[in-house]
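User: I am new to this structure and would like to learn how to read it. Please take one feature at a time, with the general idea before the case.

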Amino acid sequence: MWTIIHKMGSPPWFFRFSGGLVKWLLPLTVCLLLVGAVWGLLIAPPDFRQGNSYRIIYIHVPSAVVALAGYYVMAFAGAVSLVWRIKMADVTMRAVAPVGAALTAIALVTGAIWGKPTWGTWWVWDARITSMLILLFLYLGVVALFEAYENKSAAARACAVLTLVGTVNIPIIYKSVDWWYSLHQPASIKFTGESAIDPSMLYPLLLMIGAFYCLFAVTVLLNMRAELAWNHRDASWLKQLVQGT
Amino acid sequence: MPASESNLTLHGAFARQFSRHARAIIRSPAEVANPLLFFFMVITLFPLGLGPDPQRLAEMAPGILWVVALLSSLMVSGKLFASDYEDGSLEQLAIAPFPLAVLALGEVSAYWLATGFLLALASPIFALMLGLPATGIFTLMVSLLLGTTCLTLIGAVGSALTVSIRRGGMLLSLLIIPLNVPVLIFGTTAVSEAVMGGNATSWLALMGALALGSLAVMPVAIGAALRVSLDQ
């Protein structure tokens, strides 16, 4: 157990390991995305109320789910970075933040596009939309804080403190936004048939969620590799690896 | 350091830190007056922007008062650790044989008394300017007392994280505003409920829980963040 953790902290080992992992994960991600997209967009039946416009769910829901999970990945990396001062955790945290921000933005934009035909408006101050918007601010805060520090190891610890404070806050934010919405809820808008989703629509959705998790992992790994390569651009092990393959 | 001071207790260190900053604040009354003046001026902007209709202003008053309270705390917290960082006293605090979290809490408490506490005391005046019904005023004061505790502590974390960064003001708002959302929601809801004759107590209880929780957790984060800033 400890030897694995110890190894994970070594850049050369991680660089080689992640290289092998990406070689497998990248084709898998592309396959899952293709299959999920074809299944969801072409094969799954149209919704009897929303017609074909509901199909954006196959982008919207997976990006929202993974964006939320991404914050916890970042918080976990932050905790590891603060407690054990493992450099690789810093790199992970830094790699996750922009990916998470992008996924949150995708979820918000697809939600707006979906809202236009369904609710007749681009933007509604709905509880979930508002929470996602706040999540976007939380992500952007981490990215901006990282960029603002010149000393990158201090930047990583500052971001770790921020994400941990954010993690404590996220359940409170979600709950409070939920209450806020239920107090002010406009009667005309109601999200229907979300939990009672038909299996013929659910399976491609689950597949797409899996595909987005893989996409998240690949993007983060590639991000980490780019960061490591830049940090160790003069190291001999990196030169050997690049020239050797 | 004289021998008599070498057996300083944790409480003593906290008290000394508190009184040092309280004195510094009293000696520059502008520090105390500025947030209140800011509050006063921004409140003036709302009738100018929304129109002077008393009915409408009264309806919006809980939200307006709370948003402006949040903004004024944002304005204050940027300066919280700045002078300590610049004159090097923060480094001395960091090597003191006491947890930095406790020492920082001393400073934050002094600031809260001069800003949040005073704001809560002065809030009935601003509430009357916006025509908030009298039934909401007591709840507004209590909610501001509890809420500014959270706002100040969260603001202190943001300030500790950005104190070493040049022009960190905009960054500070980006860091703090999302974390302040629950306080704003609970505060406005409590006041609105009180105005409508509903159950404001449960919302105030939630704010109290939030304030106590922040009081327990945030000083640790403030201490850690200050150490990061000193390493920079």
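User: In which helix is the place of Ala211(B)?

Analyst: This is a predicted model, in which local features need pLDDT of at least 70 and side-chain atom pairs count only at pLDDT 80 or more, while totals for chains, interfaces and linings use all residues. Residues are numbered from 1 along each chain as its sequence is written, and chains are lettered from A and ligands numbered from 1 in the order in which they are written. Helices (H or I, at least four residues) and strands (E, at least two) are DSSP runs, numbered from the N terminus. Ala211(B) is found in helix α9 (residues 201-231) of chain B.

User: Why does Ala211(B) count as buried?

Analyst: A residue is buried if 20 or more other C-beta atoms lie within 10 Å of its own, exposed if 12 or fewer, and partly exposed in between, with C-beta atoms placed from the backbone. Ala211(B) counts as buried because it has 20 C-beta neighbours inside 10 Å.

User: Which residues is Ala211(B) in contact with, leaving aside its neighbours within four places in sequence?

Analyst: Two residues are in contact if their C-beta atoms, placed from the backbone, lie within 7 Å. By that rule Ala211(B) has contacts with Leu146(B), Thr149(B) and Cys150(B), its neighbours within four places in sequence left aside. C-alpha to C-alpha, Ala211(B) is 9.4 Å from Leu145(B) in space, and the two are 66 residues apart in sequence.

User: Is Thr118(A) buried or partly exposed?

Analyst: Thr118(A) is partly exposed, because 18 other C-beta atoms lie within 10 Å. Its place is in helix α4 (residues 87-119) of chain A. Not counting residues up to four places away in sequence, Thr118(A) touches Gln50(A) and Ser53(A). Thr118(A) and Arg49(A) lie 69 residues apart in sequence, with 9.4 Å between their C-alpha atoms.

User: How many helices and strands are there in chain A?

Analyst: Chain A has eight helices and zero strands. Its C-alpha atoms fill a box of roughly 60 × 40 × 30 Å along the principal axes. Of its 245 residues, 35% count as buried. Among contacts in chain A between residues at least 6 apart in sequence, 78% join residues at least 24 apart.

User: How far does helix α3 of chain A reach from its first C-alpha to its last?

Analyst: The expected span of a helix is 1.5 Å times one less than its number of residues. Helix α3 (residues 57-84) of chain A has 28 residues and reaches 40 Å, close to the 40 Å expected. After α3(A) comes Arg85(A), with a positive phi near 55 degrees.

User: How are two packed helices described?

Analyst: They are described by the angle between their axes and the distance between the axes. Axes are lines fitted to C-alpha atoms, for helices over the stretch in contact, and angles run from 0 to 180 degrees between N-to-C directions. In chain B, the axes of helix α3 (residues 54-77) and helix α6 (residues 100-129) come within 12 Å and cross at roughly 150 degrees. α3(B) and α6(B) are therefore roughly antiparallel to each other. Angles under 35 degrees count as roughly parallel, over 145 as roughly antiparallel, 65 to 115 as roughly perpendicular and the rest as oblique.

User: What is the handedness of the crossing of α3(B) and α6(B)?

Analyst: A crossing is left-handed if the near helix is turned anticlockwise from the far one by less than a right angle, and right-handed if clockwise. The crossing of α3(B) and α6(B) is right-handed. Residues in this contact include Ala61(B) and Leu65(B) of α3(B), and Thr115(B) and Gly116(B) of α6(B).

User: At what angle do the axes of α6(B) and α7(B) cross?

Analyst: The axes of α6(B) and helix α7 (residues 137-162) of chain B cross at roughly 150 degrees and come within 9 Å. That makes α6(B) roughly antiparallel to α7(B). This crossing is right-handed.

User: How do the residues of the contact of α6(B) with α7(B) divide?

Analyst: Ala, Val, Leu, Ile, Met, Phe, Trp, Tyr, Cys and Pro count as nonpolar, Asp, Glu, Lys and Arg as charged, and the others, Gly among them, as polar. The contact of α6(B) with α7(B) has 16 nonpolar, six polar and no charged residues.

User: How many residues does the contact take from chain A and from chain B?

Analyst: The contact between the chains takes 25 residues from chain A and 22 residues from chain B. On the side of chain A that touches chain B, α6(A) gives the most, with 15 residues. That side divides into 19 nonpolar, five polar and one charged.
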